Amino acid sequence: MTRLTVCIGTLYLLILSDFFDVSNCAATDIVLDAKAQSTHRLDTLNLLSYTFLLILTVLTIWLFKHRRVSFLHETGLAVIYGLIVGAIIRYAGSTGEVLHMSVVSNDQNYNSSLPPDALSLNFPVKSSSSLKNKTYEYTFRGEIQLRDNEIDLKATFDPEIFFNIILPPIIFHAGYSLKRKYFFRNLGAILTFAIIGTAISSFLVGALMYGCVQLMPAHLASSFTFLDTLYFGALISSTDPLTVLAIFNDLRVDVNLYALVFGESVLNDAVSIVLSGSIQNYEELYSGSGGFETVAFFKAVGDFFGIFMLSLLIGAVMGCFTALLTKFTRVRDFPLLESALFVLMSYSTFLIAEASELTGVVSVLFCGMCQAHYTYNNLSDDSRIRTKQIFELLNFLAENFIFSYIGVSMFTFPKHHFDPLFILAGFTCAAIGRAANIYPLSYILNVARNPKIPSNFQHMLFFSGLRGAMSFALAIRNTLSEARQTMLTTTSLIVIITVIIQGGAALHLLYWFQIPVGIDEETEALSSQGSRSGNGTPHSQDWNYVLGPDVPKPNEKGLLARIWGSFDTRYMKPLLTHSRPTLLETLPVCCNPIARLLTTTEQMTQESNRHGIRDSDSDLCINESDSIRERRSSLARQIHSISGHQMIDIVDMEGRVAFVPGSRAS
């Protein structure tokens, strides 16, 4: 009986012990659930704050458009609202306390330059019956400053979000919405400004900043290397003239000026990111000392061109592959699937390039251009409308989100380092680098270019060098050192000031530089600018070009555009779209079997003049069609005398009107 009592008592103690263990586990689960719920609430509050920022920006944009207010663009509004919300979060936020634990490592294998990928914390936990060990593992995300407010910490995002999620739709939309007619017509000048000019600006800014840094206090001079200042020069040479381009579009500024500003900004984003990557790899891969080495320099230059060209090739191949899919399949019978395929193929281009250690920005840009030039012509009507609207919407939201975040991060991002001397030097050197990009290269281009780039267009190109999303994304990607933190702060301030001040002054600059507005797409004022009189009006002998002759000028299209246009019309468009003439007509007779396989029934059965129908403005960069020449020759000219000046109203067959200022009435 006694033995039975002991057994029952022991069993009771075991059950009671297990009960307390279960109770402890349940209590732990309750605490963890509460923590998870609090984290979820803070994440939701964080996203809600940015959503309200965008809503407020949209409503204010509508109010500005309704009231015809033009002194501030939507991106400037987003920055200002972001600054206000960031200040509120920083100084008025009190939600959620952050728990800190100090951990000291004695392992000599890791240091600040080579931190561990994961950190495991092993500490004892008392239970009712024994002492147990629990292990928690944390993933390394970078050095941070201690914060007492959790919402302050949550208001910042992983920089990779910008590169992998936010930037791709912005860059793709730039290529997809590009006015290719005028882009190709000014291709030589655009490539000169975007590639040679960006390189000149980057190295000049880097060299000037290094000289300025050496004159600063010792603690700042010692934290910067020449490669650091070169990296700053590369990232700050990227331009994002959204504000200026929006005003250009609203006022119908000369399309060639629009093409120069837009084309250069699109391509120099790609050049800047490849150049900054080459500078980062220079010391790591080639130069052990961090100084200048001739062999290492030429290897880095080779990397730059190799990465750029391979990234371009991936984008072009993916765009052409999508065109082939949409041409030789009947996916267009299901517009929703067709649109989904289009979006996924475009985004996969970015991911393929990044996974291949190339540059996704370059790939997705040229993929967008190929999609617009070829795939767009194969899409159904529903998909054409849907894809244009989808990427226009994504671009709008992504751009405004980035500018809102730039404002918020000025107060909430934990790795800002303010140094007034470096910031002042950054503003000055960025302006000098922009001037070195525009004015000398314009002078060289004008030697052989017809029409010339006049001085007022050059001034507008200089002031269109606003900094934006790409500069900020490159600066925030690596902020481990004090030098990189100082570059982030300087870049953020340059972006904010140029977007608000320089962008807001764009409308006044147009009138100050006497740049014509209200120009119809087919009315090009560029050539007449070179022979303007002192008051900015063209001479009477230039009207024949402003109004457009029946026969195009011999130098109206560049050599590159003519060569590419001939090849594209004869081979690429017949291969990738349903356009005529077919490959059966353009390829040699010996290639007829292959040409027949690559020619669809729709190409064979459509009328011979079907290729004259334009699905996008991309065709216009190749040939001046008869319909355009007929429309030009049938322009009705009405001359009115207004305040002692002649004003010509050019009314085309579609009823559009362009107002071109004339010479002073006698």
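Mentor: Let's start with a definition: a charge sits over a ring if NZ of Lys or CZ of Arg is within 6 Å of the ring centre and within 35 degrees of the ring normal. Keep in mind that we are reading a predicted model.

Trainee: Okay, which residue lies over the face of Y376?

Mentor: That's R384, at 5.3 Å from the ring centre of Y376. There is another case to look up: R477 lies over the face of F163, and here the distance to the ring centre is 3.8 Å.

Trainee: Where is Y376 found, and is Y376 buried or exposed?

Mentor: Y376 is part of helix α13, which covers residues 360-378. Its relative accessible area is 9%, and the cut-off for buried is under 20%, so Y376 counts as buried.

Trainee: How many aromatic pairs does the structure hold?

Mentor: There are 24. Here's the general idea: a pair of aromatic rings is described by the distance of the centres and the angle of the planes. Take F304 and F308: the centres are 6.4 Å apart and the planes meet at 25°, so this pair is stacked. The two residues sit 4 apart in helix α11 (residues 294-328), which puts about one helical turn between them. F304 is buried at 11% relative accessibility, and F308 is buried with a relative accessible area of 11%.

Trainee: And what kind of aromatic pair do F342 and F391 form?

Mentor: An edge-to-face one, with 6.2 Å centre to centre and 65° between the planes. F342 belongs to helix α12 (residues 335-355) and F391 to helix α14, so the pair ties together parts that are 49 residues apart in sequence. Both are buried: F342 has a relative accessibility of 2%, and F391 has 5%.

Trainee: α14 has come up already. At what angle do α2 and α14 pack?

Mentor: Helix α2 (residues 74-92) and helix α14 (residues 381-412) pack at about 35°, and their axes are 7 Å apart. The crossing is right-handed. Among the residues making the contact are A78, V79 and L83 of α2, with F396, F403 and F411 of α14. The contact residues divide into 12 nonpolar, 7 polar and 2 charged.

Trainee: What about the backbone? What should I look for there?

Mentor: Most residues other than glycine have a negative phi, and most peptide bonds are trans. In this model, E357 has a positive phi, near 60°. E357 lies in the loop between α12 and α13, and at 72% relative accessibility E357 is exposed. Q514 also has a positive phi, about 55°; Q514 is in the loop between α19 (506-512) and α20 (526-529) and is partly exposed at 37%.

Trainee: Which residues does a cis peptide bond join?

Mentor: R580 and P581, with omega about 0°. You'll find P581 in the loop between α22 (559-576) and α23 (583-586).

Trainee: Last one: how many helices and strands does the chain have?

Mentor: 26 helices and 5 strands. Of the 666 residues in the chain, 48% are buried.

Note on methods:
Residues are numbered from 1 along each chain as its sequence is written. This is a predicted model: local features need pLDDT of at least 70, side-chain atom pairs count only at pLDDT 80 or more; totals for chains, interfaces and linings use all residues. Side-chain values use heavy atoms; hydrogens and water are left out. Axes are lines fitted to C-alpha atoms, for helices over the stretch in contact, and angles run from 0 to 180 degrees between N-to-C directions. A crossing is left-handed if the near helix is turned anticlockwise from the far one by less than a right angle, and right-handed if clockwise. Contact means heavy atoms within 4.5 Å. Ala, Val, Leu, Ile, Met, Phe, Trp, Tyr, Cys and Pro count as nonpolar, Asp, Glu, Lys and Arg as charged, and the others, Gly among them, as polar. Buried means under 20% relative accessible area, exposed over 50%, partly exposed in between (1.4 Å probe, protein chains only). Rings of Phe, Tyr and Trp (its six-membered ring) pair if their centres lie within 6.5 Å; planes under 30 degrees apart count as stacked, over 60 as edge-to-face and the rest as tilted.
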